[in-house]
Amino acid sequence: MPCEYLSLDAMEKWIIFGFILCHGILNSDATALNLWKLALHSSSCLALFRDEVFHIHKAAEDLFVNIRGYNKRINDIRECKEAAVSHAGSMHRERRKFLRSALKELATVLSDQPGLLGPKALFVFMALSFARDEIIWLLRHADNMPKKSADDFIDKHIAELIFYMEELRAHVRKYGPVMQRYYVQYLSGFDAVVLNELVQNLSVCPEDESIIMSSFVNTMTSLSVKQVEDGEVFDFRGMRLDWFRLQAYTSVSKASLGLADHRELGKMMNTIIFHTKMVDSLVEMLVETSDLSIFCFYSRAFEKMFQQCLELPSQSRYSIAFPLLCTHFMSCTHELCPEERHHIGDRSLSLCNMFLDEMAKQARNLITDICTEQCTLSDQLLPKHCAKTISQAVNKKSKKQTGKKGEPEREKPGVESMRKNRLVVTNLDKLHTALSELCFSINYVPNMVVWEHTFTPREYLTSHLEIRFTKSIVGMTMYNQATQEIAKPSELLTSVRAYMTVLQSIENYVQIDITRVFNNVLLQQTQHLDSHGEPTITSLYTNWYLETLLRQVSNGHIAYFPAMKAFVNLPTENELTFNAEEYSDISEMRALSELLGPYGMKFLSESLMWHISSQVAELKVTLETGGIELVNINTLFIVLFSAVDSVLKRMTIIGVILSFRSLAQEALRDVLSYHIPFLVSSIEDFKDHIPRETDMKV
């Protein structure tokens, strides 16, 4: 049974190196020659140690060229080399293609019926071993093969094969107790009985051999399922060591009990040894059959494979296989070389971090593209776009009456959702498909442990979404410091809501707390600066209203209209680049309150009050100056008359700022009454019923 999951790579090594050393047998044994040719056909190089390779054709030819009578062998080597260059790549490519589908089917069946892991354990380890050999073959030959067909050495679907290997490994680890129960019953109920019969039927059995085989039977007979249920730790290493001793005793030339004469006993014991490994050495079996720590020494090829995986949308769902491979790296360290442990550990951490970060960035970019599309669609529904539709309807009616042909009818919002053909795929469809594939990968495991460090893939996505959402909100204000242009609060609010709707839909793909993202980002936007020290929408809008809108009021270009509760443009020679009413009416101020929140509106109010206090200070200075020069009533009249323009201007500025503050506070109260009506009414009730003699501040 151990030969079934034996590494083909190792077998090729034994054949190549064995016959290079014992090359005489190649001239006398046809079977040996066939094995030798098969091995030379399959590969052009073998691994000596990690990424150090041995070019077999060149080495064998250099050796045989100096030996007389070996011209035929040299010709064989050259023919095999040509065959390996021409056909080995395509042959191994087809093997990987077959293994992908085979491992997929096996993983699907076992996930549905994990109980089959018991009877089908051998097939699992065979599949893992074959897939491991093919992956290592590709890794080794990609840089060391004379490429006649480069496509055979670039496998864009390698991630899928690695992914299904990881899935099978996960099944074995998860359902280890299921396999233990099966093989404990197998050992005690079948293997012990058959071995006992074989021992009883032996014609000759020396005392030492009899003691060892009796101990085998007794050990297996004493096993029970209750030991598995109680979580007992099994250890059959002693039993396996005894089997090595027994093989040694029965393999010497003068042994009274020859193992070669009792093949059934040898087969049965090998089967029993495999069954014991299924009980106490599952982790070691996984390392033996599916360890891919070799990638640690091929980091450039490893990163290239990962990039190819992300570039192909159909393969991005398997990209989690690359970070998972980083968990293998520590198994390639050796206890006799402890100094390299830190180097390999650091490499595994840096690669795992890089892979997860790139996956999160890719998902973030897809989400951003979807948000951009949705913001464009939401923008089409804004009231400002209905004027064209109304104008077109009126013109159409008038043209109908006059008989003239009107403008082509404008497409209404929503037509993008109408499909005449199911095969038609829009850009938004492609983005959603790509995102769902990538999110499957990010959501595949909640966390992974690499060199005693825990990585959480979803947290990478969350942090990237927070950073991008913050930048997007500030970017959507479209604030231009040179021209003093800024987006209307209502339009920004529409875009932010569209963005948030897309982000909320991400919870359908990945188990992340998107509410936490909203809280972290939107609360920071209510402050003057965010956590990175960058300006927020609160600071941008506060500066714009103070430095642009209210400054134009004091310059006489804009006036406050109490009846409309808004600021309006006045007819002047120099037309303003914006319409004040579109930024200061009640709907815009409510939108501003929604965006900035109570904290942001408080900052706006404090900034307004600071400007008022500075104007009051200037008034105070003016009056104090007049008081110093006062000699009689005529002097006072002269001082006030000379400063009347300054006094009126400052008083007007104070009045304008207070009017704007009143609009902002009223809008905030409306928004709060809509969102938290019970809390607002409770506070108002409390305020209205405080006894008059109570100090309000207290």
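Mentor: Lysine 361 has a relative accessible area of 28% and is partly exposed.

Trainee: What makes lysine 361 partly exposed?

Mentor: Buried means under 20% relative accessible area, exposed over 50%, and partly exposed in between (1.4 Å probe, protein chains only). The 28% of lysine 361 falls in between, so partly exposed is the term. This is a predicted model, in which local features need pLDDT of at least 70 and side-chain atom pairs count only at pLDDT 80 or more, while totals for chains, interfaces and linings use all residues. Residues are numbered from 1 along each chain as its sequence is written, and side-chain values use heavy atoms, leaving out hydrogens and water.

Trainee: Why do glutamate 358 and lysine 361 count as a salt bridge?

Mentor: A salt bridge needs a side-chain nitrogen of Lys or Arg within 4 Å of a carboxyl oxygen of Asp or Glu. Here the N to O distance is 4.0 Å, so the pair qualifies.

Trainee: How do you know that glutamate 340 and arginine 50 are paired?

Mentor: Their closest N and O atoms are 2.7 Å apart, so they meet that cut-off too. The pair ties together parts 290 residues apart in sequence, because glutamate 340 lies in a helix (residues 339-379) and arginine 50 in a loop between two strands (45-49 and 52-55).

Definitions and conventions. Helix = DSSP H or I, 4+ residues; strand = E, 2+ residues; numbered from the N terminus.
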